[in-house]
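Subject: Structure handover

Hello,

Here is the structure for you to take over. My notes on it follow below.

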Amino acid sequence: MKLKPLFLCASAAFASLVGSRSAAQTVLFDSDTTSHIFFRIPAIIANGNTLLYFTDDRSGVTDATAWGDIGSEGNISIVARRSNNLGRSWKREVEMVAKGYGNHGFDRGHGDAAVVCDRETGRMLLMCASGEVSYGRSSVKVTNNAGKLSLDLSRAQKVGRYYSDDNGLTWTGEEVTADIYNLFPPKAPADGKAEPSVYRLFFSSGRICQSSVIKHGDYYRIYSAITTNRGSLVLYSDDFGKQWHPLGGANAMPAPNGDEAKVEELPDGSVLLSCRMFGGRYFNIYNYTTTADGSGPIMLVRNALPKVGLAIKLPTSVRHTPQWFSTEKVA
C-alpha cells in the first residue's frame, strides 16, 4: 500500500506570489510503505527567495506501525528540501536538519518541527520534540530537597532547539527540556505532596508566529503554541527563542481540552489561539490592555472558552466580559 505523499500545494495566493496563474503541485517527499519510507509533519518557512520545507523522516522507525511518533522504536530525523526561487523549482538534495541516532537519550529522535525565520536578520529557529519518550508516556517527578522543589525530567518527552545563521544550510542544536518544563512550577496540594503542573508537552508543529507589533531589543516577539497535559498553551520569546515565557502567566488555561494548536497575531497585537479538539476547534484570544494604575500593559486571556463546532464560528461569548483572567505584565 502506498501512502499519500506530502505535497507542497501552490494555492492561488501562492501562485500569485511566484508570478504564475496556474496552481501546480510538487511532490517533495513521497511515503511508500512497500519500501518502508515514511514522511510526516510538514513545515515551511521563507527567507527572501528561499523556501525551506521540513518534514519528519520516520523511515528509521522499526515498530509495527512505522508511523510512530517520538518514543517509537528506531530513529526519527528532521529533514528539509530547498527552493531558491520561491518554489518554482526545488533542489534534489535532502538536507539533514536534526539527525536521530542511537538507542537512548536526547538524540534518538527529533520531530514535529516548529519553525520561524526572523524577518530582519534571516536567523532561523526550529523547536522540536526529541528523545526516546513518547508524549503519551511522558512523566515528571517532583523532588523535595530541604524544601526546594525541583523536577526530575528523566522520563519526560524532551525538547530540542536548533538555530541556523546561514539560510538553513547548517544547524546547531541543543536540549532545552528543563528550560521549558520549569516555566510551570510544581503545585503543592494540601497533603504536602508536590505534583508537577505540566508533565508532558511539545511545541505544536508548523509555523511559529513572529509579531509585527512588539519588539524588545534585537528581535520582534515570537509566539508558539504548545500541547500539554493541561491542554493548549502559548509561549512567547523576546530574544528569538533563547528564553520563553507563558503568555498570560503560568496558570493560564486558555483551552484545557485543546490538542495541537496554532497561533496568529491579529492587527491590534492580540494573539489568536486555534486548537484541535474532538468535533471541532477551540478558539481563544489573548488581549493586551492597560491597567487602572497605569503600570500595564498586561495580557488578558479568558480561561476555558466553549468549544466551536465544525462550522468554526467564533462564539458570542468571546465578546462578553470575562469573569476570570490570567494576567501578566508585559515588559
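The count of aromatic pairs comes to 7 in this predicted model. One of them joins Phe 203 and Trp 244. A pair of aromatic rings is described by the distance of the centres and the angle of the planes. Here the centres are 5.3 Å apart and the planes stand at 65°. With over 60 degrees as the cut-off, that makes the pair edge-to-face. Phe 203 belongs to strand β13 (residues 201–203), while Trp 244 sits in the loop between β17 (231–237) and β18 (245–246). The pair therefore ties together parts that are 41 residues apart in sequence. Both Phe 203 and Trp 244 are buried.

There is also a ring cluster. Phe 29, Phe 39 and Tyr 53 are linked into it by ring pairs.

Two arginines sit over tyrosine rings. Arg 123 places its charged end over the ring of Tyr 163, 4.0 Å from the centre.

Next, a sheet. Four strands form an open sheet in the order β3-β4-β5-β6, and their pairing is antiparallel. The edges are β3 (39–47) and β6 (95–98). Each has a single partner strand, so one side of each is left without a neighbour in the sheet. On average, neighbouring strands here are turned by 30° against each other, direction ignored. Between β3 and β4 (residues 50–61), which run antiparallel, there are 7 bridges.

Then the backbone. Most residues other than glycine have a negative phi, and most peptide bonds are trans. Asn 167 is another, with a positive phi of about 65°. Leu 86 is in the loop between β5 (74–83) and β6. Asn 167 is in the loop between β11 (158–164) and β12 (172–175). Leu 86 has a relative accessible area of 14%, so it counts as buried. For Asn 167 the value is 23%, so that residue counts as partly exposed.

Asp 238 deserves a look. Its place is in the loop between β17 and β18, the loop that also holds Trp 244. Asp 238 is buried, at a relative accessible area of 18%. What does its side chain meet in a polar contact? The partner is the side chain of Arg 221, at 2.7 Å. Leaving out residues up to four places away in sequence, Asp 238 touches His 216, Tyr 219, Arg 221 and Gln 243.

Last, the hairpin of β19 and β20. The two strands run antiparallel, and 5 bridges join β19 (residues 261–265) to β20. In one of these bridges, Ala 261 has Cys 275 of β20 as its partner. The hairpin has 5 residues between the strands, and Gly 269 takes a positive phi near 95° there. Is β20 (residues 271–277) enclosed or open? In that strand, 6 of the 7 residues are buried, so β20 is largely enclosed by the rest of the structure.

Over to you.

Best wishes

Methods:
Residues numbered from 1 in each chain as written. Predicted model: local features only at pLDDT ≥ 70, side-chain atom pairs only at ≥ 80, totals over all residues. Heavy atoms only, no water. Phe/Tyr/Trp six-rings, centres within 6.5 Å; stacked < 30°, edge-to-face > 60°. Buried < 20%, exposed > 50% of the residue type's maximum accessible area, 1.4 Å probe, protein only. Lys NZ or Arg CZ within 6 Å of the ring centre and 35° of its normal. Pairing = 2+ DSSP bridges. Axes fitted to C-alpha atoms, helices over the stretch in contact; angles between N-to-C directions. Polar contact = N/O pair within 3.5 Å; in protein donor to acceptor, adjacent residues only side chain to side chain. Contact = heavy atoms within 4.5 Å.
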